[in-house]
Amino acid sequence: MTNPRSAATIRAAGHTRDPNIPRLLVMLVFVFALMTLLRPNQFATMADFNSMMRQFPEYGIMAIGISLTMITGGIDLGVVGTANLSAIVAAKFLIGSVPQGALPAQVVPYLIIAVLLSLSVGLACGAIAGTLISRFSIPAILATLGTQQLFTGIAIGITNGRPQSRLPLLYSRIGNLELFKFVPISFIIFSVVAVGVGLMLSRARFGTHMYMMGTNARAARYAGLGNNSIILRTYMLSGLLSSVAGLIMMARANSAKADYGAPYTLQCVLIAVLGGIDPNGGFGTITGVTIAILILQFLSSGLNMFNNISNFYRDVIWGGVLILVLVFNKLLSWRAERRAVRKSVA
Amino acid sequence: MISVGRIARRSEPYVLAAIVALSVLIQVQSGQFFSGNNLVDLTRSLIVPALFSIACMMVIVSGGIDVSFTAIASLAMYVTDRLLLASNYSGNVMLAYAISAGLGLLMGALNGFLIGFLKLPTLVVTLGTSSLFTGLMFGAFSASASDVPPSIAMHGKQILFTATNAQTGLTSNMPSQIFILIGALILVFFLLRYTMLGRGIYAIGGDETAAERAGFNVRGIKMFLYCFVGVLAGITGIVRISMIAYADPSTMLGMELTVIAAVVLGGTRVTGGLGTLTGTILGVALMTILSNSLILIGIPTYWSRAFTGLVIILGTGITAHQIRSTRRRHARAQKATV
Amino acid sequence: MAASALRVEGITKSFGGVQALKGVSLEIKSGEIHCLAGENGSGKSTLIKVISGVYEPDAGEIEIHGQRFSHLNPKEAIGLGIQVIYQDFSVFPNLTVMENLALNMELMQNRKLVNYRRARAIASNAVSQIGFKVDLDERVENLSVADRQLIAISRALLQEAKLIIMDEPTSALTKKEVKALFEVIKRLQSRGLSILFVSHKLDEVFEISERYTILRSGENVASGSTKELDRKTFAFHMTGRQFMDERYRSQSLGDTPILSVKGLSRGGAYADISFDLAAGEILGITGLLGSGRTELVETLFGILRPDSGRIEIKGKEANISSVKAAIRQGIGYVPADRLTEGLFQPQAINRNLVISVLDRLSGRFGFLRRRAITDATSKWIKELSIATKDPMLPVRTLSGGNQQKVVLARWLASDLSILILNGPTMGVDIGSKYDIHALMRKLAANGLAIIIVSDDLPEVLACASRILVMRAGAFVQELNPAETTESRLSELSTGIA
């Protein structure tokens with residue numbers, strides 16, 4: 001299926017520029033200005049920025065993971081399950097092995113192992129999803145629906161549904177560190193992830209392979225791209241990112257539970273689509289997704305400042321904005337098509 | 001014409017086999033499965049998901065995926081409930097159904113407009129409308145759990161019969177809402193099989209461009225479809241709160257994915273064009289047995305979700321395998337013509 | 001009864017400043033089989049759409065069975081008995097044959113309910129009119145392309161067609177199916193229908209149609225009786241260029257074959273295939289659809305795996321376990337279905353071009369060297385004369401011939417020893433077709449070993465230095481193109497003398 005927006009891809013030294021970004025930037029500026037005007041003393045203050053930076057990395061990283069899978073023409077609906085399961089594994093390890101009253105210096109190696117464990121679980125979860133989709137040809141929506149249930153289910157099973165909260169203090173202390181008393185460590189992690197993944201997509205071979213495979217998997221096969229390997233690696237990456245998000249959530253909540261972040265799945269898909277990721281695959285950039293994340297966060301924080309407007313209005317606005325963006329894009333592409341038909345011959 | 005080959009290629013027999021196997025296993029382990037009381041309980045549990053899955057199946061057959069039906073059901077149900085409570089309504093429960101269905105219709109119409117007329121992608125649109133509706137419910141209406149009007153509660157208490165378990169002495173009541181499910185099944189069966197509208201839904205799922213060229217009113221059919229789904233969702237919302245005599249706005253949210261899984265397990269193709277009511281109900285039955293009866297074979301409830309996930313994966317894996325072997329058969333058949 | 005079924009005169013149509021048709025005329029006599037020929041861009045598709053009411057002409061007149069119109073809408077056209085059968089047939093794969101045939105009728109009669117007995121009667125009636133034997137309860141997706149086409153034709157008849165327009169109907173059919181189709185067409189003719197047959201295959205033009213009309217660049221260039229037409233004149237009218245008939249005499253470079261296949265077999269596709277290929281040769285493999293020719297070359301390219309047998313490259317045994325492995329061994333493959341198997345339509349031309357050699361164009365950590373990519377792209381665009389203003393445009397903006405050149409360039413850019421082309425000039429305009437043939441000869445002369453798979457017999461005879469005919473999974477004979485004819489090749493392919 002062709003993406004009409006791509007017809008407007010413009011020249012740039014070697015890679016295509018995303019035509020969504022100008023639109024997104026306008027939206028970003030608009031929301032920012034609106035919120036600042038309405039609550040000048042609360043919004044756009046250092047305290048407010050700080051609070052926002054603490055909130056979005058966890059779902060932002062998952063949104064990036066989902067975006068990658070959507071670019072290859074699939075979708076990973078299991079990110080939240082993976083995040084929770086990997087966090088719970090780390091938590092159980094820490095709770096079970098760190099001796100009581102241990103000194104911080106002694107705790108550190110346990111923390112390192114816990115993080116590595118968690119990341120491995122994330123990779124494994126992603127590998128399972130990737131295998132189901134590539135080797136067993138199960139459609140991505142269904143496979144990841146299944147893995148979401150499976151991983152969440154396992155998480156519930158091994159914890160009996162109870163939160164794991166007796167974590168060593170050092171974990172949340174490190175996890176909630178802020179550089180210069182202002183920049184949270186989670187924000188730094190998010191930035192590294194965003195820049196890294198963005199570079200990979202736009203400048204690395206693997207990124208091009210992902211885009212091409214998402215556009216036409218059959219042709220990708222005939223071009224020797226190695227579809228199964230691409231799918232596997234993409235979902236493993238998504239799983240890895242989910243486990244990072246899970247660790248961040250665990251630091252913020254100082255506990256791990258099987259059902260944290262349940263609404264995040266939907267939110268992340270919305271972010272991806274708003275950010276310009278084509279659900280059919282082959283198009284979209286991390287820059288666009290990042291701007292979409294910021295827009296959501298501004299909206300969210302902005303709404304929080306109005307005490308008489310419930311948080312849930314955010315969902316209304318979010319759903320409404322998504323629909324408006326879709327409609328707008330559609331009208332644009334109809335216009336482009338009409339122009340193209342006029343130029344076509346025979 | 002019926003042929004063994006054709007039967008083997010469909011999913012329903014496998015699901016049925018799985019249900020039978022599971023039932024026997026549970027019966028052997030606990031001796032409780034085939035007790036009247038358990039069967040009634042199971043039927044009771046599957047009424048709401050079954051109603052949802054009928055709507056869900058219709059959309060998937062048309063080539064789309066709708067995840068907003070639970071949000072529609074919740075919002076419609078909630079508004080109806082508050083409305084009736086606020087006006088101290090004590091009349092017939094039919095009005096509740098009517099209002100809820102009407103609200104569902106409106107919400108479905110929004111989906112129908114965006115998907116049918118503007119041709120926007122279904123998954124993303126319904127994700128958006130789902131968000132919109134739940135946001136309205138919790139935000140604008142600050143929904144919280146509440147009671148239900150007396151007539152609804154009464155309606156919930158109307159039972160067909162009571163089944164008693166000889167061994168444990170437990171009783172289960174077969175609710176009268178079962179008639180709504182049966183009614184819906186009959187109506188939709190007739191619609192899909194014997195009306196041009198119904199065949200149009202299948203045609204659109206098979207090849208939308210061809211459907212347009214053939215003269216089907218694709219926009220109209222899709223609009224009808226999503227409105228119908230809305231109506232069904234609204235009705236299901238009232239069924240739900242009448243069965244538990246309590247209106248908790250979040251009670252149905254989150255079911256979408258299990259319903260979709262049940263529909264797909266039942267043989268409906270995700271890409272559209274193929275799907276049967278029989279298969280869908282079998283799929284729902286299987287999922288219900290899984291979530292309700294695992295405890296009877298000693299699998300603690302904590303593990304039921306993991307088990308469900310495993311079943312979804314296995315089920316979809318088998319379906320995917322069937323599709324692939326069908327394609328290979330065609331390729332070989334093509335070659336035979338030299 | 002009017003003498004012409006259809007007569008159009010002076011049809012002009014522009015789209016935003018571009019003239020698609022410049023005063024075109026066409027006449028189809030009653031009960032005639034007429035061929036409309038032209039390359040991509042000639043205006044034939046636009047003309048069809050004007051006749052069937054999809055487009056409104058800017059000027060000109062349409063006369064159908066004596067009635068005059070300045071323009072039509074699709075419903076009116078159908079009402080006048082004009083039916084178009086498009087290349088995709090517009091059938092519903094998930095519904096049964098019966099439903100496919102009957103649904104249209106029911107829709108036209110505005111019925112709301114479905115009566116299956118009535119539907120079955122309608123369907124049986126339709127297929128019997130052309131003598132088509134098929135299981136009415138079978139789902140169409142389980143039927144062959146040829147059967148689907150017959151369903152489309154039957155359906156057209158149900159709507160009381162008087163003029164049936166077929167758009168490139170034989171492109172996906174085997175020779176046997178084409179024969180069956182032609183018989184159906186003759187049967188339709190005997191019932192008084194007129195047929196407009198759009199095609200660019202000269203053999204078919206000769207075999208089935210009585211008169212022809214050729215368009216080029218939106219204008220009439222020739223029309224008349226097919227009895228008076230010959231190949232050279234046909235090609236000339238289609239393209240406006242004179243072509244010399246060239247034959248390739250290859251010089252085998254070196255004694256060791258580059259590729260050696262011994263006893264290769266794959267159940268259900270081909271058995272015991274053995275042949276050698278030397279550098280500088282162009283080996284032509286020809287056979288019908290279903291003879292195993294595509295499976296054979298796809299095995300050489302790593303898409304399929306053989307059950308037994310041995311493949312040797314440059315004397316050493318090669319295990320071609322995947323496409324990546326094949327590429328590593330220096331094998332490239334231009335697939336038969338360019339649109340779905342060869343190209344990434346909405347992606348940029350340069351991406352499509354370099355996609356298989358990114359390994360070579362990237363540096364550390366897999367980062368792409370953009371300058372290298374731009375250079376490679378410009379180089380190949382120039383070498384193959386790919387007509388495009390901007391390599392960043394999506395590849396779907398190119399014409400069929402240029403798209404094929406992009407696919408070719410993709411392989412030429414890598415380290416090739418063996419290039420396999422499957423149907424290299426299908427759907428390609430005559431100009432590009434000759435360009436591609438010339439290119440193949442040049443590459444072979446420079447040492448590349450080439451295999452072309454094609455059922456376009458003139459192409460095989462013109463390009464190959466050696467021909468292998470395949471039938472039902474086996475090689476039946478090896479021939480020297482200089483010493484054989486099209487009809488001999490055809491006999492060997494079909495097994496019918």
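In chain B, 51% of the 338 residues are buried, a residue being called buried if 20 or more other C-beta atoms lie within 10 Å of its own, exposed if 12 or fewer do, and partly exposed in between, with C-beta atoms placed from the backbone. The model is predicted, and local features need pLDDT of at least 70, side-chain atom pairs count only at pLDDT 80 or more, and totals for chains, interfaces and linings use all residues. Residues are numbered from 1 along each chain as its sequence is written, while chains are lettered from A and ligands numbered from 1 in the order in which they are written.

Chain B holds 14 helices and 2 strands, where helices (H or I, at least four residues) and strands (E, at least two) are DSSP runs numbered from the N terminus. Of the contacts in chain B with a separation of 6 or more, 77% join residues 24 or more positions apart; two residues are in contact if their C-beta atoms, placed from the backbone, lie within 7 Å.

Where chain C touches chain B, the contact takes 28 residues from chain C and 24 residues from chain B. On the side of chain C, the elements that give two or more residues are α3 (97–108) and α6 (175–190), and the largest share, 6 residues, comes from α3(C).

| Class, side of chain C touching chain B | Residues |
|---|---|
| nonpolar | 11 residues |
| polar | 9 residues |

Elsewhere in chain C, strands β9 (residues 211–216) and β10 (residues 219–225) pair in the antiparallel sense over 6 bridges, pairing being assigned if DSSP finds at least two bridges between two strands. Arg211(C) has Ser225(C) in β10(C) as its bridge partner. The two strands, β9(C) and β10(C), form a hairpin with 2 residues between them, and Ser217(C) in the turn has a positive phi of about 50°.

Helix α9 (residues 293–300) of chain C is mostly covered, with 7 of its 8 residues buried; among them are Leu296(C), Val297(C) and Leu300(C). Just after α9(C), Gly302(C) takes a positive phi of about 90°.

For chain A, the mean pLDDT (the predictor's confidence in each residue, from 0 to 100) is 84, and 92% of its residues reach 70 or more.

Conventions: Nonpolar A, V, L, I, M, F, W, Y, C, P; charged D, E, K, R; others polar.
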